[in-house]
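The sequence and structure come first, and the account then turns to the contact between the chains.

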2 protein chains.
Amino acid sequence: MFLKNKQKNKQKNTDYSVYIVTDRFLCPPAKMTETIQASILGGATVIQLREKNVDSLTFYKMAQEILEWTKKYEIPLIINDRLDIMLASGADGLHVGQSDLPAAVARKLIGPDKILGVSVTTIPEAKAAEADGADYLGVGAIFSTSTKNDAAFVSIQTLKEIKNAVQIPVVAIGGISKGNMARLSGTNIDGVAVVSAVMGSADPEKATEEIKSAFKMIK
Amino acid sequence: MFLKNKQKNKQKNTDYSVYIVTDRFLCPPAKMTETIQASILGGATVIQLREKNVDSLTFYKMAQEILEWTKKYEIPLIINDRLDIMLASGADGLHVGQSDLPAAVARKLIGPDKILGVSVTTIPEAKAAEADGADYLGVGAIFSTSTKNDAAFVSIQTLKEIKNAVQIPVVAIGGISKGNMARLSGTNIDGVAVVSAVMGSADPEKATEEIKSAFKMIK
């Protein structure tokens, strides 16, 4: 019970400020571990492994490999969509979108102690996700993004309203860079999730540092 | 404990003789439930739901829908690859290939009472799968098949040798039809898995009956 509470507290205290999402098109699997390591050294606070259209064994092995690094630096590894890969690899959490397993179903299967994130674009979705057991919300796409063609656009006004509507941390995602970060000023969000700004960078450590600095400026 | 043993016995007694695998290209999702119902009426003893490149919510909802039918007729529904969909839907089992989660990992996550099937093409793979907790093996592709381009070919001689090398039931898969069933005579296999012979048929009930009759002839 003590351990359980300790684990829960650890999650409630998760620092979502610099949330890095992988992308195998911007960063091929052979360079993935190296890039993630660099982003951790640059100040990443959460890593999300997002893989589509790879076989389960490949996804599982990649999760295991990245988990060695995230454990070493004591930051959580979140798996996108694939609850089975999360359970099999022992990753710290799961992130689901509105086309993935329902949040309530996911929460039941992963148990109370793993991190559950949910992508939302509206206040009703945000409130439902919170009620269904989400630990944090991903809100976006805020800006235009090349990494997710089907991402719905969310206005900065809606982002603010979602943040005000829930108690759990809110992370903005979608085309966020050091260049446009200032536009998120006043939203009171808990973190920014970036894909291309880091995964597509020749110097992912520096790119992460820059995102971290830019985010600090708006907090 | 009683219930657990009862459940275990039920699985050990699974009739694998007429094992139907879905295919959304041969049979579109809108017709899937109807086709599966017809194949059950025609004598299907196991249904496997195989989906690739659909979102998790769609896969989950389809599993739930089919499960209503398979429960009604008291035959098992096996989910291909996606352990998360199996757990979430409450399906009866999981089938993994050599590029999916390792059988031992899958067994640990699904527990002792769910059915675990493993695709193998060699005797070492067959023995490893049995040792890792497989309840049955899928062996193929035995004949040329249009539904799985990457399926390795397995000779009828190897199929026989695999059947002799393990204690668990063996199901042959890959291009099996009433027309070529006789070539499996003498292999002592426990069932045949078919995709196109039923999923691609205008009369899936009759097609299943024909597969069932043809299989009985070689037993």
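Predicted model: local features only at pLDDT ≥ 70, side-chain atom pairs only at ≥ 80, totals over all residues.

## Polar contacts and salt bridges

Between chain A and chain B, eight residue pairs are in polar contact, both residues being at pLDDT 80 or more. A polar contact is a pair of N or O atoms within 3.5 Å; within protein, one must be able to donate a hydrogen and the other to accept it, and residues adjacent in sequence count only if both atoms are side-chain atoms. Side-chain values use heavy atoms, without hydrogens and water, while residues are numbered from 1 along each chain as its sequence is written, and chains are lettered from A and ligands numbered from 1 in the order in which they are written.

Two salt bridges (a side-chain nitrogen of Lys or Arg within 4 Å of a carboxyl oxygen of Asp or Glu) cross the interface of chain A and chain B. Asp84(A) and Arg82(B) join their side chains in a salt bridge, at 3.9 Å from N to O.

## Buried area

Chain A and chain B bury about 1500 Å² between them, 67% of it on carbon and sulfur atoms. Buried area is the accessible area (1.4 Å probe) that two parts lose on being put together, summed over both. Of the area that chain A buries against chain B, 28% is supplied by Leu57(A), Asp84(A) and Leu101(A), more than by any other three residues.
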